[in-house]
Amino acid sequence: MADEIILLDFWPSMFGMKVRIALAEKGLKYEYRDEDLFNKGPLLLEMNPIHKKIPVLIHNGKPICESQIIVQYIDEVWKDKSPLLPSDPYHRAQARFWADYIDKKLHLLGARLWRTKGEEQEANKKEYIECLKLLEGELGDKPYFGGENFGFVDVNLMPYFSWLYVFEIAANFSIEAECPKLITWAKRCMEKESVSTSLPDHQKLYDFFLQLKKWHGIE
Amino acid sequence: MAEELKLFRTWSSVFALRIVWALKIKGVEYETIFEDLSNKSPSLLQYNPVHKKVPVLVHNGKPIAESLVILEYIDETWRETPLLPEDPYERAMARFWAKFGDDKVLTSIVWGVFFKEGKEQEEAMLEAMEHLQFLEDELKGKRFFGGERIGFVDLALGWLANMISIFEEVAGLKMVDEDKFPLLAAWMQEFADSPIIKDNWPPRDKMIAKFQALRDAKLAAAASK
């Protein structure tokens, strides 16, 4: 019996992007549904009654929520193709640690970047770059965070890089000088079809961001 | 080569307790290093330079930080008495509830209800009750969140079994009413009475004193704003 996979998503969501990349890495066919987050559909509310958020992966009728949990689920079910987590428990723990760090720090700091101004924004920029530098240190000279192969941490970080383009314009800074290795890494990842087809066009994302600012009443 | 396993913890950290429970359930020997978080040891800073927090598990010199990450590491390294289920869907559910516990339950109860007062506390209480209802529903037909025996989710939520009564005493309000949450109350009792768990709670009087002081400080800081 063929697997039935549905992804409830919202195209600008960094969390949704992670799942798209993971599904593409595994070469999986699925039905993509873009949700209207101002008018959440009955399927979303039924499949994620607790958080009512995207992404939700529905596999043969059973929902899985929370992007990191979904990516691990995908990796465990379709374990024979392009493994995302390494096999060694210590390296798996390190991958989970960094994925957790990315979600906890970058997400919050990124949001603060565009919602603040002046001195506060400068301080947030500094902290954001510090976090990226820490990640760059973790990457070291490896082609990917996963080592020779694109892996779990790479999947988790790339979506933030699609939004980084927006943040750099919004907060007027560039990480090119500060984190050259990360820029190279991001370019390398974008050469993978699973990544480039999962991330939105920069201009489209920026236009969405301008809309988002309006909704939040920010100039 | 003998295994070298060290756990950096504090006497009161509920996150570190998860690791104590997991290692004892698996029957794994380890050395405990108690930290004073106001005076962190060079070892702690070396092993957890990113967050500088406990717990940290150091296995043959290699450190792992973040309690839920450590639990999965322990489960994958010592495979007897598994904490997570075999089936990928059930594992995803277990991870979901553990995350829900930390992100929502703990946050609303500790930061919302316990560390606040007045209207803010009332609003946080409503939110906390919603979260607790989800846990109540999840326990239907089960003795533990893990089924017949203690599992990953029980260890992740286990802090409730001890801390709720401490919070209730210090803050002077009821959070888990046995009439409203009969299954949750029963689980809390059953978990707290389980062999390994009941021998490892931190001293109650010390916890009451500590959390009283923490609450007083937070309320004073909020009042002076």
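**Exercise 1. Describe how many residues of chain A and chain B are in contact, and how much area is buried between them.**

Solution. Contact means heavy atoms within 4.5 Å. By this rule, 25 residues of chain A touch 24 residues of chain B. Next comes the buried area, the accessible area (1.4 Å probe) that two parts lose on being put together, summed over both. Between chain A and chain B it is about 2,300 Å², with carbon and sulfur atoms giving 69%. On the side of chain A, the residues that lose the most area are A:Ile50, A:Tyr90 and A:Phe97, together 26% of what that side buries.

This is a predicted model, in which local features need pLDDT of at least 70 and side-chain atom pairs count only at pLDDT 80 or more, while totals for chains, interfaces and linings use all residues. Residues are numbered from 1 along each chain as its sequence is written, chains are lettered from A and ligands numbered from 1 in the order in which they are written, and side-chain values use heavy atoms, with hydrogens and water left out.

**Exercise 2. State what confidence the predictor gives to chain B and to the complex.**

Solution. pLDDT is the predictor's confidence in each residue, from 0 to 100. Chain B has a mean pLDDT of 96, and 99% of its residues reach 70 or more. For the complex, the ipTM is 0.95 and the pTM is 0.96.

**Exercise 3. Count the salt bridges between the chains and find the partner of A:Glu76.**

Solution. A salt bridge needs a side-chain nitrogen of Lys or Arg within 4 Å of a carboxyl oxygen of Asp or Glu. Seven are counted between chain A and chain B. In one of them, A:Glu76 pairs with B:Arg91, and the closest N and O atoms are 3.0 Å apart. Now turn to the elements, which are DSSP runs numbered from the N terminus: helices (H or I, at least four residues) and strands (E, at least two). Strand 4 (62-65), helix 3 (67-77) and helix 4 (89-115) of chain A each supply at least two residues of the side that touches chain B. Helix 4 of chain A gives the largest share, 11 residues.
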